[in-house]
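Dear colleague,

I am handing over to you the structure shown below. Please look through it alongside the notes that come after it.

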Amino acid sequence: MILSETDLTRAIKGTTDLAAASLATRIVLNRLRVQARTEPAKLSGLVAELRAFVAKNSDAAAELAKL
Amino acid sequence: MKNEFLTPQEAAERIEAGAVMSIAGAPELLSTLPKGNWIGGSTVYFMTKTGGKVDREHLFCTTFPEGSHASARYLATADLANLAQGYEAGGVTLVIIPAFSEAHARFAEDGAGYADLFDQPLLGWISGVHLDEIGKVTPSVFDGAQGAKHEDGAVLLHVSVPEGMRPSLDIVNIFKQGDDAELVFSFPEAGFSAHKAIVNGQEIGFARYVTDKGIDTKLPLVANYAGALINVSFQSVDPDAGEVAFYAPVFPGVEYRLAAAQEDYAKTFATQVGSAGEGSYSCNCILNYVYGDMEGKLTAGFTGPVTFGEIAYVLLNQTLVKLDLAA
């Protein structure tokens, strides 16, 4: 599953819980969300970080797609 | 995985047979073990099949299934950021760090930012001592590959599991976020202590607030990490110094709510996990053990060391961490 830039940005800027996701995905997404709130100018770098995480963790893409 | 309470002699025989093991126990026992595919950490508190107990004569041993391969190694604190470099593809990594050490602080505050940390299940615990020995005895960890004891840094066991098995890491947190708006906090700075907090948009002196409100500091602060409830436990409150210390760091930008009150820890564990736990690797928190009066009580089928902090990618408090290997 491939997530678009828009999907990844929406995940980071969102607040919805990932109740059924792996612990890793939840912790990673939360860390990026916190950074996006406190340092919004870094959003593009955070999106790139999430893209890299998803690329190496195939389950994460499916989990984030449910948001 | 096989969880057993073994004598040092039994554990030594298992190591010499080539088993891949995680071992917890009194440091004087761990120091007697031969070199091999194992890591260890100091604790004298355990959850066993017969309930919680203090024991200085046995070692709690988790043995990975036959066909597992592992490399044990020690990482100095300055090298912690390279933790994931030893990950085995499709495997799992165990980590043990001594309580109160520089590595403990660095991992807690910086670990989530280490490169590739989340690329495979990473779990473990913070080693401790008997509560009566805090300040007198230093918690330690053991690198089985070198037969070396350390009081700082981290020991790692990078495990490659048998083909067809898949590691699954999760946590059991018996606490839920409370709903009192006056007990919702954020903090301006990261750290294991806080002088100031924000409540309802107002900056407050946190130690005085905790004291004046009569907050039960046996309850953790609970943050919601996109659906995962992550605790930070109170260590001490000093109104004169205006400082509140924690067993894990708080972070700016994260909302923390005081946990809802908990009546019976053991019963709540049992309700949440049912009959699960047999064959799982797990560790549980010393604060749950003490506050929940767990001596002699069972946490369903979950047995393992009672620890000064738990690790499931990041440092946790008052949480049970569990690893399963499923076909």
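Predicted model: local features only at pLDDT ≥ 70, side-chain atom pairs only at ≥ 80, totals over all residues.

**The domains of chain B**

Chain B consists of domain 1 (2–172 + 265–326) and domain 2 (181–258). Between the C-alpha centres of domain 1 of chain B and domain 2 of chain B there is a distance of 28 Å. Where these domains touch, 11 residues of domain 1 of chain B are in contact with 11 residues of domain 2 of chain B. On the side of domain 1 of chain B that touches domain 2 of chain B, the elements giving two or more residues are helix 3, helix 6 (286–291) and strand 26 (314–316) of chain B. Helix 3 of chain B has the largest share of that side, with 3 residues. Sorted by class, the side of domain 1 of chain B that touches domain 2 of chain B holds 6 nonpolar, 4 polar and 1 charged residues.

**The nonpolar core**

The largest nonpolar core has 122 residues, and those touching the most other members are B:Ile39, B:Ala154, B:Leu156 and B:Tyr313. The element that gives the most to this core is helix 2 (residues 23–38) of chain A, with 7 residues. Domain 1 and domain 2 of chain B both contribute residues to this core, so it lies between them. As background, nonpolar side chains tend to be buried together in soluble globular proteins.

Apart from its neighbours within four places in sequence, B:Leu156 is in contact with B:Ile39, B:Arg73, B:Leu75, B:Leu83, B:Gly86, B:Thr93, B:Leu94 and B:Val95.

**The contact between the chains**

Chain A brings 19 residues to the contact and chain B brings 17 residues. On the side of chain A that touches chain B, helix 2 and helix 3 (43–56) of chain A each supply at least two residues. Helix 2 of chain A accounts for the largest share of that side, 12 residues. By class, the side of chain A that touches chain B is made up of 10 nonpolar, 3 polar and 6 charged residues.

**Strand 9 of chain B**

Strand 9 (residues 122–127) of chain B is mostly covered, as 6 of its 6 residues are buried. Strand 9 of chain B pairs with strand 8 (residues 92–98) of chain B in the parallel sense, over 6 bridges. In this part of the sheet, B:Trp125 in strand 9 of chain B has B:Ile96 opposite. Together with helix 3 (residues 102–110) of chain B, strand 8 and strand 9 of chain B form a right-handed β-α-β unit. Strand 9 of chain B also runs antiparallel to strand 25 (residues 310–312) of chain B, with 3 bridges joining them. There, B:Gly124 has B:Ile311 in strand 25 of chain B as its bridge partner.

**Strand 23 of chain B**

Of the 5 residues in strand 23 (residues 281–285) of chain B, 5 are buried, so this strand is largely enclosed by the rest of the structure. In a regular strand, side chains alternate between the two faces of the sheet. In strand 23 of chain B, B:Tyr281, B:Cys283 and B:Cys285 lie on one side and B:Ser282 and B:Asn284 on the other, and all are buried.

Strand 23 of chain B is joined by 3 bridges to strand 27 (residues 320–326) of chain B, and the two run antiparallel. Here B:Ser282 is opposite B:Lys322 in strand 27 of chain B. B:Cys285 is opposite B:Thr307 in strand 24 of chain B. The chain passes from strand 23 through helix 6 to strand 24 of chain B in a right-handed β-α-β crossover.

A:Leu46 belongs to helix 3 of chain A. Because A:Leu46 has 21 C-beta neighbours inside 10 Å, this residue counts as buried. A:Leu46 and A:Leu32 are 14 residues apart along the chain, and their C-alpha atoms are separated by 6.1 Å. Beyond its neighbours within four places in sequence, A:Leu46 is in contact with A:Ile12, A:Leu32, A:Gln35 and A:Ala36.

A:Glu5 is part of helix 1 (residues 5–13) of chain A. A:Glu5 has 11 other C-beta atoms within 10 Å and is therefore exposed. The C-alpha atoms of A:Glu5 and A:Ala48 are separated by 8.8 Å, with the two residues 43 residues apart along the chain.

With kind regards

Technical notes:
Residues numbered from 1 in each chain as written. Chains lettered and ligands numbered in written order. Buried ≥ 20, exposed ≤ 12 C-beta atoms within 10 Å, placed from the backbone. Helix = DSSP H or I, 4+ residues; strand = E, 2+ residues; numbered from the N terminus. Pairing = 2+ DSSP bridges. Right-handed = clockwise from strand over helix to strand, strands pointing away. Core = buried A, V, L, I, M, F, W, Y, C linked by C-beta atoms within 7 Å. Domains from an automatic or database assignment. Contact = placed C-beta atoms within 7 Å. Nonpolar A, V, L, I, M, F, W, Y, C, P; charged D, E, K, R; others polar.
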